[in-house]
Amino acid sequence: MTKPSLPDLLHAAVSAVGGTERPGQVAMAEAVAEAIDDNSHRLIQAGTGTGKSLGYLVPALAHGERVVVATATLALQRQLVERDLPRTVDALHPQLRRRPQFAMLKGRSNYLCLHRLHEGAPQDEEEGLFDQFEAATPTSKLGKDLLRLRDWADETETGDRDDLTPGVSDKAWAQISVSSRECLGATKCAYGAECFAGAARERAKLADVVVTNHALLAIDAIEGAPVLPQHEVLIVDEAHELVSRVTGVATGELTPGQVNRAVKRSAKLVDEKTADALQTASESFERVMELALPGRLEQIPEDLGYALMSLRDAARNVISAIGATRDKSVHDEDAVRKQALAAVESIHSVAERITNGSEYDVVWYERHDRFGATLRVAPLSVSGLLREKLFEDRSVVLTSATLKIGGDFNGVAASLGLSAEGVEGDDVPAWKGLDVGSPFDYPKQGILYVAKHLATPGREGTRGDMMDELAELIEAAGGRTLGLFSSMRGAKAAAEELRGRIDNPILLQGEETLGELIKAFAADPKTCLFGTLSLWQGVDVPGPSCQLVVMDRIPFPRPDDPLMSARQKSVEEHGGNGFMAVAATHAALLMAQGAGRLVRATGDRGVVAVLDPRLATARYGSFLRATLPDFWYTTDRNQVRRSLAAIDATAQADGK
């Protein structure tokens with residue numbers, strides 16, 4: 001039987017989802033197929049509207065080897081498993097003569113744990129789950145959540161938290177879930193045969209395509225114990241997010257509250273002397289943390305060093321003692337021991353990591369008004385880890401709408417542990433970059449306006465001229481505005497100020513769930529939506545409700561961000577330009593994502609307004625602009641107001 005051609009397969013898949021075949025999608029599919037055949041690597045930038053999901057799914061399914069697809073957002077995971085994969089498999093079946101299986105796999109804590117549901121969570125004061133049900137009044141939010149979870153447990157087929165609608169608080173979910181460290185394991189657990197997380201893993205082992213998230217991919221790479229089934233092809237979608245997600249997984253933290261919980265959980269499982277030693281170490285650590293000031297610790301202070309060594313040694317002794325004793329008087333001893341071990345092992349590993357003092361780690365204090373001080377440790381870079389763990393023994397395709405920073409792929413490649421394109425060596429994975437463009441006509445559909453006349457934003461204080469400009473732009477646009485702010489403080493200040501100045505309703509992130517806010521924003525064109533980080537990347541509102549995207553300033557990382565400033569300093573010490581490699585690259589990625597909110601469909605029109613003159617005047621401005629969609633560029637405020645008014649008038653004439 002002749003092998004079906006890739007163009008025929010792609011045509012069948014696109015027709016099945018009611019889409020239109022696009023040149024960029026065809027070019028992408030061919031590049032993915034070539035990478036899989038050659039066992040090589042690709043970085044593929046595919047703009048919004050390219051149809052990149054089918055661009056990688058069709059060649060992956062056609063090849064027949066097992067594929068893992070890792071994405072950053074829940075929305076894309078669901079789209080792949082609930083919409084794109086079922087339709088694509090059906091469409092390709094007549095030509096492939098087989099029906100590839102697919103499955104979703106997440107970390108264990110995303111699934112309901114039947115043991116914890118039925119036997120109770122071993123609590124610090126020996127309160128089980130049902131004590132939680134009793135303690136939480138049925139009218140309280142927690143009580144309602146817990147009762148609903150108990151009912152849901154009887155009907156769910158997956159036990160997946162994301163299948164629970166509406167969702168519940170983290171506090172409620174923690175009562176019926178476990179981390180991988182707390183899990184008893186199928187052989188010791190009375191509910192092992194019915195385990196939801198276990199069933200998800202079994203489905204993944206049998207699947208041709210496994211859809212997961214960046215965090216689980218990172219855990220699989222970092223922790224050495226394989227979580228994902230063996231696979232020949234890895235496709236990383238939303239790849240611009242990968243480095244920050246892997247960094248998050250590789251970051252450890254210690255708080256006094258966390259240490260206290262570990263002390264309480266382990267106290268009854270070890271002898272008094274061992275328990276007292278951990279208690280004493282915990283108290284010393286708490287005293288040090290009370291005086292902690294936010295910021296990076298380039299050297300570990302003597303008092304903190306002693307406290308961490310005491311914690312490390314006491315925790316190690318507790319771990320040994322828990323492993324060597326049994327106490328039949330403890331109810332559900334295996335679960336209690338497992339949870340205590342997990343808590344103490346976490347303390348030990350972070351304390352040991354910081355006391356070992358690797359030059360490749362960054363250590364800092366954070367302080368929160370409500371929760372007090374936290375000690376954190378994160379890798380200076382994850383590039384070496386990614387190079388070693390990601391690119392060996394399989395073909396890797398990384399794709400996103402934003403991979404070319406400042407006009408080329410090399411910045412993103414370096415963060416992934418790859419050398420410059422075209423450079424080859426024994427331990428340097430070779431790769432090729434491809435920009436398949438976008439189906440949108442950006443110069444005709446959008447304007448990039450930089451408010452060059454405004455004062456340069458300072459670190460603190462209100463920006464009166466910026467508020468005036470923002471109010472005038474919104475009025476010219478007739479609402480229809482997504483306001484992207486570099487801080488929550490800035491978003492709140494703008495919302496408060498403008499609610500008293502203009503008639504348009506202004507929604508503010510945090511005043512309702514993100515999903516509800518976006519729904520309300522899309523439903524009423526006169527409405528504006530203001531917010532911070534998750535709005536820069538998480539909003540998909542095609543049509544006339546979003547015709548003006550405003551960025552209050554270039555979103556450089558804060559100068560006092562310990563990890564970013566350490567990374568910048570490291571680049572400079574190695575002879576590079578730390579500002580461009582770290583701060584400017586960070587800002588460029590975010591701005592490209594933010595600007596991408598404007599044009600989501602071929603009929604969309606509008607303006608991206610940046611209220612920071614540095615984009616027009618600073619030397620790095622051209623680097624940032626080269627990363628943005630190729631909109632028509634202007635600094636003429638009057639021209640922009642006329643354009644916005646015309647776009648608004650057209651939308652109103654169309655009844656939108």
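I count two strands as paired if DSSP finds at least two bridges between them. The model I am working from is predicted.

**Entry 1: the sheet**

I looked up the strand order first. An open sheet of 7 strands runs β14-β15-β13-β16-β17-β12-β18, with parallel pairing. I noted β14 (506-508) and β18 (632-634) as the edge strands, since each pairs on one side only. From one strand to the next, the twist averages 15°.

**Entry 2: strand β16 and its neighbours**

I then went to β16 (residues 548-551). Which strands does β16 pair with, and over how many bridges? On one side I found β13 (residues 481-484), which runs parallel to β16 and is joined to it by 4 bridges. Strand β17 (residues 606-610) also pairs with β16 in the parallel sense, again over 4 bridges.

L548 of β16 has T481 opposite it, and in β17 the residue opposite L548 is V607. For V549, the bridge partner in β17 is V608.

**Entry 3: helices on the sheet**

I looked for helices packed against these strands. Helix α20 (residues 488-499) packs on the sheet and touches β14 and β15 (528-531). The direction of α20 makes about 155° with that of β14. Helix α27 (residues 637-653) also packs on the sheet, where it touches β12 (446-450), β16, β17 and β18. Between the directions of α27 and β12 I read about 145°.

**Entry 4: burial of β16**

Are the two faces of β16 covered or open? In a regular strand, side chains alternate between the two faces of the sheet. I sorted β16 accordingly: L548 and V550 are on one side, V549 and M551 on the other. All four are buried, so both faces are covered. The cut-off I used for buried is under 20% relative accessible area.

**Entry 5: the second largest pocket**

I turned to the second largest pocket, which has a volume of about 540 Å³. Its lining holds 34 residues, and R108, C183, C195, A197 and G198 lie nearest the centre. The elements that give two or more residues to this lining are α5 (114-119), α9 (196-206) and α15 (333-356). Which element gives the most to the lining? I found that α9 does, with 7 residues. Sorted by class, the lining of this pocket comes out as 22 nonpolar, 6 polar and 6 charged residues.

Note on methods
Residues are numbered from 1 along each chain as its sequence is written. This is a predicted model: local features need pLDDT of at least 70, side-chain atom pairs count only at pLDDT 80 or more; totals for chains, interfaces and linings use all residues. Side-chain values use heavy atoms; hydrogens and water are left out. Buried means under 20% relative accessible area, exposed over 50%, partly exposed in between (1.4 Å probe, protein chains only). On a 1 Å grid over the protein atoms alone, a cavity is a set of points where a 1.4 Å probe fits but cannot get out, and a pocket is an open set with protein on both sides within 12 Å along at least five of seven lines; lining residues have an atom within 4 Å of a point. Grid points are joined across faces, edges and corners, and a volume is the space filled by probe spheres set on the points. Ala, Val, Leu, Ile, Met, Phe, Trp, Tyr, Cys and Pro count as nonpolar, Asp, Glu, Lys and Arg as charged, and the others, Gly among them, as polar. Axes are lines fitted to C-alpha atoms, for helices over the stretch in contact, and angles run from 0 to 180 degrees between N-to-C directions. Contact means heavy atoms within 4.5 Å.
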